[in-house]
Amino acid sequence: MLKIVLLGHLAERAGWREREMEVVGTLSALIQALALVDPRLGHSLVAPGVRAAINHTISPNDTALKAGDEIAFLPIYSGG
């Protein structure tokens with residue numbers, strides 16, 4: 001299983017903050033799977049500035065996922 005964490009407005013948009021999902025291959029495949037369930041969230045996950053951290057490390061979309069990984073989606077933060 002993967003642990004999916006949404007932060008900031010992404011969690012508000014989806015209506016959840018944490019969820020577990022089956023392993024789907026790559027980060028890109030995970031984003032596609034989430035978009036199938038919630039197209040609006042899927043659009044937000046690929047918006048400019050949104051990053052994904054796998055096990056606390058910012059990672060590219062072609063990163064392979066494995067059971068036990070935590071994937072956090074991080075929106076743009078602003079302020080001072």
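**Reading the features**

Reader: Is histidine 56 buried or exposed?

Author: A residue is called buried under 20% relative accessible area, exposed over 50% and partly exposed in between, with a 1.4 Å probe and protein chains only. Histidine 56 is exposed, with a relative accessible area of 71%. Please keep in mind that this is a predicted model, in which local features need pLDDT of at least 70 and side-chain atom pairs count only at pLDDT 80 or more, while totals for chains, interfaces and linings use all residues. Residues are numbered from 1 along each chain as its sequence is written, and side-chain values use heavy atoms, with hydrogens and water left out.

Reader: What does the pLDDT say about the protein?

Author: The pLDDT is the predictor's confidence in each residue, on a scale from 0 to 100. The protein averages 93, and 96% of the residues score at least 70. Confidence is lowest in helix H1 (residues 9-14), with a mean of 93, and highest in S1, at 98.

Reader: In what order do the strands form the sheet?

Author: Elements are DSSP runs numbered from the N terminus, helices being H or I with at least four residues and strands being E with at least two, and two strands pair if DSSP finds at least two bridges between them. Here five strands make an open sheet with mixed pairing, in the order S2-S1-S5-S3-S4. At its edges are strand S2 (18-21) and strand S4 (57-58), each of which pairs on one side only.

Reader: How many bridges does S3 form with S5, and how many with S4?

Author: S3 and S5 pair in the antiparallel sense over four bridges, whereas strand S3 (residues 51-54) and S4 are antiparallel over two bridges. Isoleucine 54 stands opposite isoleucine 71 in S5 and opposite threonine 57 in S4, while alanine 53 stands opposite isoleucine 58 in S4.

Reader: What should I look for in the turn of the S3 and S4 hairpin?

Author: The backbone angle phi deserves a look there. S3 and S4 form a hairpin with two residues between them, and both asparagine 55 and histidine 56 lie in the loop between these strands. Phi of asparagine 55 is near 50°, a positive value in a residue other than glycine, and histidine 56, also not a glycine, has a positive phi of about 75°. Asparagine 55 is partly exposed, with a relative accessible area of 33%.

Reader: Which strands does helix H2 touch when it packs on the sheet?

Author: Contact means heavy atoms within 4.5 Å, and a packing angle compares N-to-C directions from 0 to 180 degrees, with axes that are lines fitted to C-alpha atoms, for helices over the stretch in contact. Helix H2 (residues 27-37) touches strand S1 (2-6), S2, S3 and strand S5 (70-74), and its direction makes about 70° with that of S5.

Reader: Why do the buried residues of H2 line one face of the helix?

Author: The arc is that of the directions from the helix axis to the C-beta atoms. In H2, Leu27, Leu30, Ile31 and Leu34 are buried; seen down the axis of H2, its buried residues fall within an arc of 100°, so they line one face of the helix. The buried residues of H2 pack against S1, S2, H3, S3 and S5, and the face turned away from the buried side carries the exposed residues Gln32 and Leu36.

Reader: Which residues of the largest nonpolar core touch the most other members?

Author: A nonpolar core is a set of buried Ala, Val, Leu, Ile, Met, Phe, Trp, Tyr and Cys residues joined through side-chain atoms within 4.5 Å. Of the 20 residues in the largest one, Ile4, Leu6, Leu30, Ile71 and Phe73 touch the most other members. The elements that give two or more residues to this core are S1, H1, H2, H3, S3 and S5, and H2 gives the most, with four residues. Phenylalanine 73 has among its contacts Ile4, Leu6, Leu10, Leu30, Leu45 and Ala52, not counting residues up to four places away in sequence.

Reader: Where is serine 44 found, and is serine 44 buried or exposed?

Author: Serine 44 is found in helix H3 (residues 39-45) and is buried, with a relative accessible area of 5%. Not counting residues up to four places away in sequence, serine 44 touches Leu10, Arg13 and Val50.

Reader: What does isoleucine 76 touch?

Author: Isoleucine 76, in the segment after S5, touches Pro48 and Gly49, not counting residues up to four places away in sequence. The C-alpha atoms of isoleucine 76 and valine 50 are separated by 5.9 Å, although these residues are 26 residues apart along the chain.
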